[in-house]
Each structure stands twice: as structure tokens, then as C-alpha cells.
Amino acid sequence: MKRLFDKKPKKSPNPSPKPISPGIPAKIAAGPLGPRAELDVGPDGEQIRSYHPEVDWPDLVTLDEGSNGGSRIVFQDISGEDKEPPAPEASTSGVAVVSTDHRSDPPRENTTETGEGEGKGKLAEASNVPEREYKNPALAATTILSDVPKEAADESSPLGSLKAVLRTIAAVYADDQETAAIGNRTEDLLSRIVTLEEYFYSPPGDVEEQRRRRELIREFGHIEGQLRSLAKKPGPEQLSGHAQHSGEVHGLLEDLRETIFDYQMVQQMEIYDQRCKLIKPAEAAVLNNFSSAKAAEYRHGDRKGCLKGTRGAVLNEIELWAKDSDKAPVYWLNGLAGTGKSTIAQTIAERTFADGQLGASFFCSRDFQDRRDLKFIFPTVAVQLARNYPEFRSAFVPLVQSDPEVAHESLYGQMDKLIVRPLKQSHISTVIVIDALDECKDEEPASAILSVLGRFVSQIPKVKFFVTGRPEPWIREGFRLPLLAEATDVFVLHEVESSRVNSDIQLFFRYSFSELKDRRRGLDDWPASEQLGLLCERATGLFVYAVATVKFIDHKNNSPKKQLERILQLPTSFAHEGRTRLRQNTTLDSLYMSILQHAFD
């Protein structure tokens, strides 16, 4: 399959420049494909930028003075070579139009046979979407933005072909109850790609951003090619036979999601850094000196998110909740010890940050005094919100300056003054993540912080709170309070279908052992499938068991094979620990006991 950027465009000739009317909002078109990037010709000859994703060089556009006193547009390669389009021709609308000789091949229709009758799947039809290949992908015309039909812009967009494939996948899997999650996931990806596409019409900030966009589209093309190839695989109904290819489709959709996520993370980090640079010294002094917990944010420490391809169902549900303003403002991820709550919280924090939604995060920990004290949560969240949002900061800083002791007030006073009032003034929409609430010291029969949250949550409807915690008595009672119960969605992690959890744990083991074999010698064809199956069975849905097992096996002074044998010789559990209360001699207790005994051998 022909992908974007496979071929370097030929250099355009340098005609004599002719005047171009300033102040023209326009779009650049490539060959017969239509618009490519928005262009605004400034009246004062200032440098402007544009993006043209179909060619191998994202264009750096400058407006220079022409030889006849007018202006000309120069497209510059990132290597520094000038690429100047031919002279403008008069348009019937009285606006200058730049055109080039675009003797490129027309779009190439894919006419691959995909079967007849019932054997022809819906995605196979998507393979007929033109796959564009151009011998000379030069700029063809500059046309007025308002003159470009929406339909034409969509078909000619750099991501139009990928969107067509995704729409077909969404239609195929939405009709099947067992695979509806794939259809929903595809719809979410479509909306993300549309947003990215709109962003691509804005000028790239620098050469590095141009490179990132080019790499992103190249990766999109690679994933699209793999999706298309599924339509040509032999099978009774090809891709429309859901069960046959749903696993492969799901994997490719996850690849697409991760590709978008990686790009967005870089973008958001740059935005965050720019926001921090705009903080005035006086404001920075207030924020830096304000009483807050250290290293409580998701970016600190060595916390890791979910392994790619795992916990898909719960992550997708939480992401949809975070984006849906009609959903409840509070979400409780309820799970027993070891079920992976903090790992999911880390992933949700990362993903909402990448989407530009995350305002603040607080990861509680009984190991640190300031992160197990409830009175540090609201002040720490407030400082993060102030760094992220100038509107919030303009309300927060004067409040702290007028009342320096506000951080030491009651939980009610803290949330009212530090969180709710600035949020009301700033009108921002955001997500706040609070992980492991059960690790904070709380002597109230119903969680003190949840009681306060219930009183105020209705006053800040644009803010969502994602909370994780074990179902300890005081936390259960807190979420049962009338004001909070009706405003909370609950996901019980230890009640997820065991087959899904076991599949994720097996994937974790396979990935971890693959990494281990890359670093250690003599581990070919290890572990045996029977050994892997026993490990998954012993985990009984507990990710903490899987993590501890891998760390025990990967001991630098011992053979991984011998370490695995030690674990498999341990007594088995009498009950599924992830489903019932822990008993003596359970596999998790046995594992920890073996680790301790081995440490003193």
C-alpha cells in the first residue's frame, strides 16, 4: 500500500512573482485532492505557517515582497530549500489564485476482489476507498476556504481514507452485541481523529512539530494498511464474520489509540510547560510556598500505567464517563487489594491529561505523612489547578494572599474556599483524580472527605472526580450518603468477569517474561505453556500477585527457571482471593512468605 511521504516531491520551478492580495483566508490544495491547509496572507509581510500533510515536507510559508512591488508566497522545505509555486492567475471572483502544473497520477481505485454474496464483508467494501499515490504531489491551487464544500474537504483530507475504514468497522461491529465494544471504541477513535484533523489545519509551531505530524500520519497509514488487509483475508464472511477477526481488529484499534495518545502527551506537555512559563513571579511564589503534599501528582514517582492491551473494558468506560457531561460527576472505582486500582488510576490520569481534561491528581499513600493526611488533598489539588488554568489562578492567588492560613482550615472550609469558589469564578471544565483514598487516615464512620464532596459537588457541575479505594466500611458509608450516592457511578473491579481479568494477567506475564528473556540468557522456549497457565490460575484475578511473581522470578542473583519452580511448588489457595476474604495459606500469602524466607536464606 502506498503511504504518505514515501516519495520526495519534485522541486517546483521558480517563476517571476506576481502580486497576491493580502488578508485572504484560503486553503492550499494538492492535485485533484482539494484543500490541504489553511492559509492567511498577512497584510504586513509577516511570516506565516501552514501544513500540507500530503507532501514530504511540511511547509514553512513566508510572505516576501515581489519584484513588481507586490507579494509572493514561498514554500520552504524543512531542509531549507525554497519551493515557490508558479505565478497567480486571475480568478473569476476577483481573488488571486495560485496554481501549479500538477501532472500527477489521479487517485488510484482499489478494485481488489473481495468475494460475492454473503462472503463479501463490510470492511471489504472499505478497501475500495481510493488509496492515493502521486508521482508529483505538488501544490495545485489556493482556493477560498468558504468555497470548499465540506464533503470535498472530508474526502480530500489526509486522514479521509482512514476515517472511511473506521466508519465501516463501527458499522460492522455495532450490530453485534458481543462485539459492540469494538464499535464504540471505533466511534471514539473517529472523533479523536476528526479533532486531530482540525488541529492539523492550524500552523505547526516549529520544525519538530512538523516532524511529529509527519510521523503520526505515517503511522496512521501503516495501521490503516493492516486494517485493510483484514478485508482480504480468506474466511466465510471475511471481516464481517465478527468472531474471526475481532481480536485482530481490537489490537489494531488499540495501536491506533496508543499512537494518538503518544502524540497528544507530547503536545500537552508542551502546553503545560508554556502555561508554567506564563506564571508571574509573584504568583509562582504564592504557589510554591503554599502548604501542599509533595510527589502526590501522577507525574511523580515510578508509578506505571496499565500494560497496553489490558483493562480495556474498564478504561474505555471511564474515558467515556470523563467526556460525557451528562454522566454523574463522581466515579468510584471500587476494588479489593491487589486488583489494580492504582494502575488504572495512573492510566486514567495520563489519558485525561493527554486529552487536555486533567486538572489535578492526588495519589494517597500510607507510606508518606503528607499523602495519608486528608487535609493535604484539597490544598494540593488547588495548587495544581492554579498551575494548569490561568482563570483559576487569578481567583486562587488573591484568596491565599488575603488569608494565608486557609490551608489549615477544616475540610469543609478548604473545599469551599480553595476549590469551589475559584472554580465558580473560572467556569472551567476539568477532571480530578484521587487514588487510594483508603490509605488516608480517617476516623469518621463515613469518610470525612466524601461527606464534604457530597455537599459541594452539585455546585461545580463542570468538574468530575475520579476516586479509587477499597470498599472499607467508612468509604462505603461515604458513598452511600444521599447527596453523594445520587451523583456517583460505581465500578466494582473485583466483579469483572474472571475470563477478562485472567486474559489480561496472562498478557502481563507474557510481556514481562519476553522482556526478561531479552535481558537474560538461556531462556529460549521458557516458560512452558503449562507453567504460564498455572501462574494465571494462582493469580486468581489479582494483578498484585502477577507483579510480585515477576519481581521474584527476575532476581539478579538467581536463575529465573529455578525461581519459577520455587513458586510453582508453593501450596495452592483454598479460595479465590480476589473474590473472598483472604485465608491462611492462600497463594498470595504463600508467595510473600516464600519471598521473605528466600531473602534470609
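Is phenylalanine 396 buried or exposed? Phenylalanine 396 is buried, with a relative accessible area of 0%. Keep in mind that this is a predicted model.

## Aromatic pairs overall

Let's start with the rings. Searching the whole structure turns up twelve aromatic pairs. One of them joins phenylalanine 290 and phenylalanine 396: the ring centres are 5.4 Å apart and the planes meet at 85°. Angles over 60 degrees count as edge-to-face, so that's the label this pair gets.

## Phenylalanine 290 meets helix H11

Where do these two partners sit? Phenylalanine 290 is in the loop between helix H7 (281-289) and helix H8 (312-323), while phenylalanine 396 belongs to helix H11 (residues 390-402). The pair therefore ties together parts that are 106 residues apart in sequence. Phenylalanine 290 is buried, and so is phenylalanine 396.

What about the accessible area of phenylalanine 392? Its relative value is 0%, and a residue counts as buried when that value is under 20%, so phenylalanine 392 is buried.

## Elsewhere in the structure

There's an aromatic cluster to look for too: Phe508, Phe509, Phe513 and Trp526 make it up.

The charged end of arginine 303 sits over the ring of phenylalanine 363, at 4.4 Å from the ring's centre.

Key: Residues numbered from 1 in each chain as written. Predicted model: local features only at pLDDT ≥ 70, side-chain atom pairs only at ≥ 80, totals over all residues. Heavy atoms only, no water. Phe/Tyr/Trp six-rings, centres within 6.5 Å; stacked < 30°, edge-to-face > 60°. Helix = DSSP H or I, 4+ residues; strand = E, 2+ residues; numbered from the N terminus. Buried < 20%, exposed > 50% of the residue type's maximum accessible area, 1.4 Å probe, protein only. Lys NZ or Arg CZ within 6 Å of the ring centre and 35° of its normal.
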